[in-house]
Amino acid sequence: MDRSLHGRHRKMLLIVASLGCFLMAYQTVASPKRTTTDKGPRSRGNGEAGRVVFNGKGVCHYCHGIDGYRNKLPQLASDTATLIAQLNPPPSDLRNPKSLRLQSDKARAKAIREGHPGTGMFPTTTLTHQELADTLSYMSVLRKEGMSQPKP
């Protein structure tokens, strides 16, 4: 290999390595600092706070129904309501634990953050770690309430 070609490869490698270091440093500086109350999903969330997220900022109620009741959808634009009605598979009934495919909070958290392949569940990246923990806690309440309801 001639020296000029070897020199160019070396320069490119240094540029790429420098860029990688810069991006890692930028990500560390630009990332919001976590407070002691926001270290990631806690083992215990606040179910009532999760209810507010579920029916508000998290927009879970658009597809899963207000308070998890699939027959109680919010007032939506007609095109949005039509799209939701056509989802296949339909959104999960969060009050029926036997029908749920995701069996752990870790799997549920991943589906909320990254979306759920093969379904209409899209990623939700706007929730804080605490809001996610609270929502998972509320979803646990919905499953328990669904288990205690008598079967028709």
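**Notebook: a buried arginine and its surroundings**

I started with Arg143, which is buried yet has no salt bridge; Asp105, the nearest side chain of opposite charge, is 4.0 Å away. I keep in mind that this is a predicted model. Arg143 sits in helix H6, which covers residues 129-148. I then listed what Arg143 touches beyond four places in sequence: Leu94, Arg95, Pro97, Leu100, Asp105 and Arg108.

Which residue does Asp105 pair with in a salt bridge? I found Arg108, at 3.0 Å from N to O. Both residues lie in helix H5, three residues apart, about one turn of the helix. Asp105 is partly exposed, with a relative accessible area of 35%, while Arg108 is buried at 8%.

Next I looked at Arg95, another contact of Arg143. Arg95 forms a salt bridge with Glu145, and their closest N and O atoms are 2.6 Å apart. Arg95 lies in the loop between H4 and H5 and Glu145 in helix H6, so this pair ties together parts 50 residues apart in sequence. Arg95 counts as buried because its relative accessibility is 7%; Glu145 is partly exposed at 33%.

**Entry: the other salt bridges**

My search of the whole structure gave five salt bridges. One of them joins Glu48 and Arg51, at 3.8 Å from N to O. These two are both in helix H2, three residues apart, or about one turn. I noted Arg51 as partly exposed, at 34% relative accessibility.

**Entry: backbone checks**

I went through the backbone next. The peptide bond from Asn88 to Pro89 is cis, with omega near 5 degrees. Pro89 is in the loop between helix H4 (78-85) and helix H5 (105-114).

Val59 has a positive phi, near 45 degrees, though it is not glycine. I placed Val59 in the loop between helix H2 (47-54) and helix H3 (61-64), and it is partly exposed at 29% relative accessibility.

Asp67 also has a positive phi, near 55 degrees. Is Asp67 buried or exposed? I get buried, because its relative accessibility is 11%. Asp67 is in the loop between H3 and H4.

**Entry: the largest pocket**

Last, I looked at the largest pocket, which has a volume of about 630 Å³. It is lined by 31 residues, and the closest to its centre are Cys63, His64, Pro91, Ser92 and Met121. H3, H4, H5 and H6 each supply at least two lining residues. I sorted the lining into 20 nonpolar, nine polar and two charged residues.

Key:
Residues are numbered from 1 along each chain as its sequence is written. This is a predicted model: local features need pLDDT of at least 70, side-chain atom pairs count only at pLDDT 80 or more; totals for chains, interfaces and linings use all residues. Side-chain values use heavy atoms; hydrogens and water are left out. Helices (H or I, at least four residues) and strands (E, at least two) are DSSP runs, numbered from the N terminus. Buried means under 20% relative accessible area, exposed over 50%, partly exposed in between (1.4 Å probe, protein chains only). Lys and Arg count as positive and Asp and Glu as negative; His and the chain ends are not counted. Contact means heavy atoms within 4.5 Å. On a 1 Å grid over the protein atoms alone, a cavity is a set of points where a 1.4 Å probe fits but cannot get out, and a pocket is an open set with protein on both sides within 12 Å along at least five of seven lines; lining residues have an atom within 4 Å of a point. Grid points are joined across faces, edges and corners, and a volume is the space filled by probe spheres set on the points. Ala, Val, Leu, Ile, Met, Phe, Trp, Tyr, Cys and Pro count as nonpolar, Asp, Glu, Lys and Arg as charged, and the others, Gly among them, as polar.
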